[in-house]
Amino acid sequence: MTILKVDDIGISFGGLKAIDGVGFSVEAGQIFSIIGPNGAGKTTLFNVISGIYEASEGRIELAGQDVTRFAPDVLAARGLSRTFQNLQIFQRMTAIENVMVGRHLQEKCNLFADLFRLPSVTRQNKETRAAALAFLDEVGLRDHADTPAGALSYGACKRLEIARALAAEPRVLLLDEPAAGCNSVETEEIDRLICRVAAKGIAVVLVEHDMKLVMKISDRILALERGRPLIEGSPGEVRANPAVLEAYLGKHGAREAARA
Amino acid sequence: MTCHSHFKSLAIAAAIALPLSGLSIYSPALAQQTVKIGSVLSVTGPASFLGEPEDKTLRMYVDKINAAGGVAGKKIELVIYDDGGDANKARTFATRLIEDDKVVAMVGGSTTGTTMAMVPVFEEAQVPFISLAGAIEVVDPVRKFIFKTPHTDKMACEKIFENLKQRNFTKIAMISGTDGFGASMRAQCVKVAPTYGVQIIAEETYGPRDSDMTAQLTKIKGVAGVQAVVNPGFGQGPAIVTRNYAQLGMSATPLYQSHGVASKSFIELAGPAAEGVRLPAAALLVGDKLPDGDPQKKVVVDYKQTFEATAKQPVSTFGGHAYDGLYIMVEAMKRANSTDAKKVRDEIEKTKGFVGTGGIVTMSPTDHLGLDLSAFRMLEVKGGDWTLLPPGT
Amino acid sequence: MPEFFQFLVSGLTIGAVYALVALGFTLVYNASDVVNFAQGEFVMLGGMVTVFVHAAGVPLPLAALVAVIVSVVLGLSLYWLAIAPARGASAVSLIIITIGASILLRGAAQIVFDKQFHKLPAFSGDTPVQMLGAAVQPQSFWVIGGTAVMVLLLYVFLERTLLGKAVLATSANRFAARLVGINTTTIMALAFGGSAAIGGVAGILITPITLTSYDVGTLLALKGFAAAMLGGMGNPLGAVAGGLLLGLLEAFGAGYISSTYKDAFAFIVILAVLFAAPQGLFGRRTIERV
Amino acid sequence: MLAALRHRYGILLVLAIVIAVLPLAFPSSYYFRVASLVWVSAFAAIGLNILMGKAGQVSLGHAGFFGIGAYAVAIGPTHLGVPSLVALLLGCLLSALLAFLVGRPILRLKGHYLAIATLGFGVLVALVITTESRWTGGPDGMSVMKLTLFGWRASGSDTWYWITGGLLLAGTWIALNLDETPTGRAFRALHDSEIAARVTGINVNRFKLQAFVIAAVYASLAGSALALMNGFVNPDQAGFLHSIELVTMVVLGGLGSVLGSIVGAAVLIMLPQVLTVFQEYENLLLGAIIIVSMIFMREGIVPMLSKFMMGRRA
């Protein structure tokens, strides 16, 4: 079942087309990767899909409904969740509080109940904490639950962001370079984590530079170059495409790689 | 919550307790040999040109009185606090004077705002309070323990309108400051204008810190039939109004300032533009020009010399109000031969024929000001100085 | 129509003052991201020091020079003693520090000088010039002209000198500026000194018109900040435009609508502008990068 | 004891004890007056801290709401014949409504632009209060009828000490309550990263507005309490300088720390009282103290002290 459908999306900044005519669709439980050299527009594409930027043209569908130019929080309520390339964690909160914020949409939020902290709020708080702990466990941060997020290592922060995104129980999860800056052990953990998430039926859209990781876990791959789609296909098809190599390595590099 | 909240709590307890207990160091000592007179003045802030000369005057003359042996056998201990023009602060200092310093009398309150904030404190504590503020509401209605020395703004309006009437002017424009003084006087003028057959045909205002009033004055200039312009205001505003007035070439229409600018520094600031400006003010400004027979002459000349020699700044009627307040208080204490607050109050109310810088004061249970229109002199700026306007001009 | 020109001149004169204060805000903000609420105190210092040095018998131009030097020294002290030691503090903490500095400077001024109002003689006399039916004080030309010269000097400095380029680079990206070898600390000190000089000169130019006292700074800081925001914080030309616009709004508001609510018009326009253009009139539109 | 202090009720307990025990050390009722002023200002500062410290939105016009609360209890009984308590509630309602209407467009602004917009709002409120003298008594202010409850008149410094102390306890309780709730977390989240808060489904505008309204109601209540306590109001309470004073209390005490706001208020209210011995050097010293404390305690007094204590224990 197609859960996310991006159709002929474009956006420009000051007359410069950052994204032009990009389209793809992702099924539930599928791992869909977007690759491309720096500046290809991967993060911009994520920002458009998650509602941070407004698309100048095109159409985005979430579970069959048009959600083009919806606000990020509205998209989140409809089951779209994401992480960021440059960390966007809540530094002054503890790890578990970060994940509890991720449960925001699952919680009843009533200002007056909160101001007087009625028994229902305390009860709900317990539930949220338990749930958040489970998500922390999922990413292996259970022991750091009460550590201030600002004191966590880079890799831990990356995983914390994923836990926070998962806590919203999304149908589509956008991961922006989850393995960046991680060592090979950590990368492997993230690899397993992504596969587990997909196995639950969540559609994962992945932007990642680690080609080994991408080729290993992706169901389908979209390669971008300068904001335009280059090719879309299975990892095998993409790997074999000379244009992709060229985009990554330049003409000369591509020849070298082909020879190797 | 984290465990360090314990320390937070300790810290707050300490932060509150320490300075407060520190305050109590200044508890009254030697209370028997001295009589404490309190004062809360706007020594800093927007009304500092009132509070500062008042502050200097009080200190100067308390030293003088003490050097001469004090009052009722006791030396005066003066406690002055600076409210910075803030009424809420004034209220706190008033409480402090009453509760902590245990003063038996109060001379102070530079502005109407601060005075009105302090009035309930002194009324409740039954301590006599001679205010230095201008507005009529300080003594109207009469409150048992509240007195004041400056002429009211209503009297200033009346004095100006009297002069207008003599010159057969009936149509005037007003440009008022929006500070407490200006707004209060403006309201009084609007109220008494009909009594003098005066019609206010144009009205403008300016903010307390405005530095250009040409826009407002241009509008007044454009209104046909304006025979005179009245400017209720204090501080630097009237000086700028006066300068802009001359700049716009409006000097042919007489300009009236109020007693709020009654200091030589107004003429200095306004410069040549001040020529011909009229205003009602106390005799103090023209002390040396008073005829020798004038009962006030000696007092005002003495005060002017003392003040200018010590303070090194031109005398103002504001400091004079403090002088009057202090001496009315001290003489009442002498007459009562006591520093008991209630006895002093009764004697203040019986003040009769007191010659002060502001006029000759005769109080009564229904009049806690004790001045009439004759206390005001109509002055005109001529040759860079105040001159007495001969009656009938 | 003479009324119109009278309001125009009045607005331009007051607006030029606001523009100079706003320019000081902008210079410091660009170099250090600090909103310096003590900016108004430099205007006070410029006026007060000139008044007192002049009163002591020093010729006016020399007294003015002394005043500018005093302002600059205090501006640099403000940076070295209060801003530099607080490096890394949050933006609000820095604002509170500058507010503390403004209280301190005012407190010192009331002791060193006095609490009276003072004036300076107008540079070219007090005889008004008649123009298009409006009576203009000659000093107005000094204020407007002085502002123009200062803006021009600042422009030349920023665009044509290496040091100026370093200031611009620091304002664009402090980290990158440091990487290319710009001593950003010096640049920031320079900005504080420069803004103090601008403030001092403004104080000297306007005192013959507006008079001065130890506490004129607060309101000027408020208006200057408003002007800088109206034009778009960080843009020198925006600061000048914002200042002039604010002055004109006040003058025309007082002239054509109501003098009582003239300050209201200025702020209503500011609110309206910000609702329509959240970055001020000439502010840079930033795109959120995530 | 220590274990109990980990709980928010621990803080409340200590605060209650401080409020209860402090009068034993008061030599005169002047101290009741100063302490009541501290409680009232602390109450307003706590509210502003929810907006500034938790939700990370600055307001330089908060005295506007303080003034609305103050003038509500002045104008209500005098001109409209509304009982003081009802007027107080109407003031809160008006502040909340105004905060809601003004906050919607204003809170879209960021950083210094938000600062100038809120400042503008505050200036406008103060200007209206100063100008409409028929209702407000103009720049000199007006007197306020004493609070009467079932025939009992609230007057006297000690009475108001207990009333304002109780108010402060309630305000502290509510502010502490917020911390571990979805609303409180949303505030802190949008403070740390607005963009991340949005993608986790937080309606950022709604929560900013809520924080603004809460802070406005706090300020309005504090204004009403002060006006009733003083028996008079004047436009200074709505003025720009009072706004700055409130912000300074919050920042000096510690952004985000409820106790910090109380400490900040205590420092700024008591300092001028202590500094009177220095006469004309008062303002000079006040400025110097603010600068020095912000340099050495840049996160604020309470966070710095607690960090220091933690460090010593570790």
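Domain bounds come from an automatic or database domain assignment. The model is predicted: local features need pLDDT of at least 70 and side-chain atom pairs pLDDT 80 or more, while totals for chains, interfaces and linings use all residues. Residues are numbered from 1 along each chain as its sequence is written, chains are lettered from A in written order, and side-chain values use heavy atoms, without hydrogens or water.

**View 1. The two domains of chain B.** Chain B splits into domain 1 (3-151 + 299-375) and domain 2 (153-281). Their C-alpha centres are 31 Å apart. In contact (heavy atoms within 4.5 Å) are 16 residues of domain 1 and 19 residues of domain 2.

**View 2. Buried area in chain B.** Domains 1 and 2 of chain B bury about 1400 Å² (accessible area, 1.4 Å probe, lost on being put together, summed over both), with 68% from carbon and sulfur atoms. On the domain 1 side, B:Ile136, B:His151 and B:Leu373 lose the most area, together 39% of what that side buries.

**View 3. The domain interface of chain A.** Chain A comprises domain 1 (1-79 + 170-260) and domain 2 (90-168). The area buried between them is about 1200 Å², 66% of it from carbon and sulfur atoms. A:Pro170, A:Leu173 and A:Leu193 supply 32% of the area that domain 1 buries against domain 2.

**View 4. Salt bridges in chain A.** Three salt bridges are found across the interface of domains 1 and 2 of chain A. A:Arg196 and A:Glu138 form a salt bridge through their side chains, at 3.2 Å from N to O.

Terms used
Buried area is the accessible area (1.4 Å probe) that two parts lose on being put together, summed over both. A salt bridge is a side-chain nitrogen of Lys or Arg within 4 Å of a carboxyl oxygen of Asp or Glu.
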